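Hi everyone, thanks for making time today. Let me put the structure up on the screen, and then we can walk through it together.

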Amino acid sequence: MTAFEANFDGLVGPTHNYAGLSYGNVASTSNEKAASNPKLAAKQGLQKMKALHDLGFKQGVLAPHERPSVAHLRGLGFSGTDAEVIRQAAKQAPAILAAVSSASCMWTANAATISPSGDTADKRVHFTPANLNNKFHRSIEHPTTGRILKAMFADERHFAHHPALPAQMHFGDEGAANHTRFCAEYDAAGVEFFVFGQAAFDSRYPKPTRFPARQTLEACQAIARLHGLSDDKVVYAQQDPDIIDAGVFHNDVISVGNRNVLFHHQRSFHRQAEVLAELERKLAAVGGRFVAVEVPEAEVTVEEAVKSYLFNSQLLSKPDGKLIIVVPEECHKIERVWSFLNKLTESGGPIDEVKVFDLKQSMQNGGGPACLRLRVALSQTELAAVNPAVLMSENLFTTLNGWVDKHYRDRLAAEDLADPQLLIECRTALDELTQILKLGSVYPFQLV
Ligand code: SUG
């Protein structure tokens, strides 16, 4: 094999908590103020990374961010020492303190959009961190995300980094969660599939009526231009607005693709038949044979898809060309979804194996297996240019588990966010982590 899809999973941060911050994400709002277990959350994530590494897949780690973000609290008028800033915010604006304390950067499918070198005009891998403009707690991620990505993919001969799009709803961008790349081989030319929830400058497109559409068409088009993609290798599709209203806040809650296969629900896209036909035609033009695996509403409803996160799965290519589907335990618990999965793997189709992971801590905030990973398709040469300290290994797994044991709490309730000691714990842990992962200085507290 000369090229790979590497998955970079978000390491869950020490402030992982349930603050109900994401209107439109049913799990997030329904678990508001439940107590979390950051230690368990981080370990559940590490288990998935290690298991996939052990199966022979390329696996890396993306570091969490400094939280609470005291810099944002200061920008909003809180002053004094760091401890005073946190105490004042806890008293006067607990919802803002919760937002700047979120460990939401763990969902690295939202960290950035990445175009592999097979698709770009200058034949480099292009990265654009997502502005995550729709939610305040997520909109503060991209500057640190950008620094961490540069520390991981530093070699300018192979990697090009762009700043996030303008921080404004017209260019709302949620990153790879709404982006899929189809190809025959990871380092050959492919077709990039951008899915948006609404068009900001064109009133002809329908809009959801209940929940927000986070990603715009205009953001997708801007990224395609920045990355140097050619029109004949790009497909834009709109999510069916009704499913956004049913809780499908990102496209990766209703479809997932890998290589030439798209696994998706019958109600994923507006004008679905046209979208699939365009994907088939454009992939054929670069030598690929598009395979659409569609799940009918009669077998799994959109509601069951949102509850189980069936489509927030990872499709991983095995050496024999068949695919493993990596699903959360919730799929096992919902009988109709589990029997569908059994039928799917026995159907003789491209997906022939299921792997189940317990990711409950993340799932309770609406983050399944696919949310936790950022995919980067890399050639062998590009992979050799990645900072090796972020790549999963037996050693790194042991070191990170020890690091979590040393620094993380096993319970965090809403009132704990008022504790200034949490900031000290987080900074101490991250300072050590930047040494483990050889990232240099990437956090605001390290840059002053
Ligand atoms: O942006 N949840 C995240 C979940 C992101 C899932 N990512 C993908 N589908 N790719 C979000 O809604 C909840 C935080 C809280 O409520 O405490 C949150 O941010």
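This is a predicted model: local features need pLDDT of at least 70, side-chain atom pairs count only at pLDDT 80 or more; totals for chains, interfaces and linings use all residues.

Residues are numbered from 1 along each chain as its sequence is written, and side-chain values use heavy atoms, with hydrogens and water left out.

So, which side chains reach the ligand? A polar side-chain atom of Asn110 sits 2.9 Å from a ligand nitrogen atom. His137 has a polar side-chain atom 2.6 Å from an oxygen atom of the ligand, and for Arg138, a side-chain N or O atom is 2.9 Å from a ligand oxygen atom.

Now to strand S7, residues 190-196. Helices (H or I, at least four residues) and strands (E, at least two) are DSSP runs, numbered from the N terminus. Is S7 buried or exposed? Buried means under 20% relative accessible area, exposed over 50%, and partly exposed in between, with a 1.4 Å probe and protein chains only. Seven of the seven residues of S7 are buried, so the strand is largely enclosed by the rest of the structure. Gly190, Glu192, Phe194 and Phe196 point one way, while Val191, Phe193 and Val195 point the other way.

What are its neighbours? Two strands pair if DSSP finds at least two bridges between them. Strand S6, residues 179-183, pairs with S7 in the antiparallel sense over five bridges, and Phe182 stands opposite Val191. These two strands, S6 and S7, form a hairpin with six residues between them. S7 also pairs with strand S8, residues 234-238, in the parallel sense over five bridges; here Phe194 stands opposite Tyr236.

Let's finish with another pair of strands. S10, residues 261-265, and S11 are parallel, again with five bridges, and Val261 has Val291 as its bridge partner. S11 covers residues 291-295; Val291, Val293 and Val295 make up its covered face, whereas Ala292 and Glu294 are on the uncovered one.

That's my tour, and I'm happy to go back to any part of it.

Conventions
A polar contact is a pair of N or O atoms within 3.5 Å; within protein, one must be able to donate a hydrogen and the other to accept it, and residues adjacent in sequence count only if both atoms are side-chain atoms.
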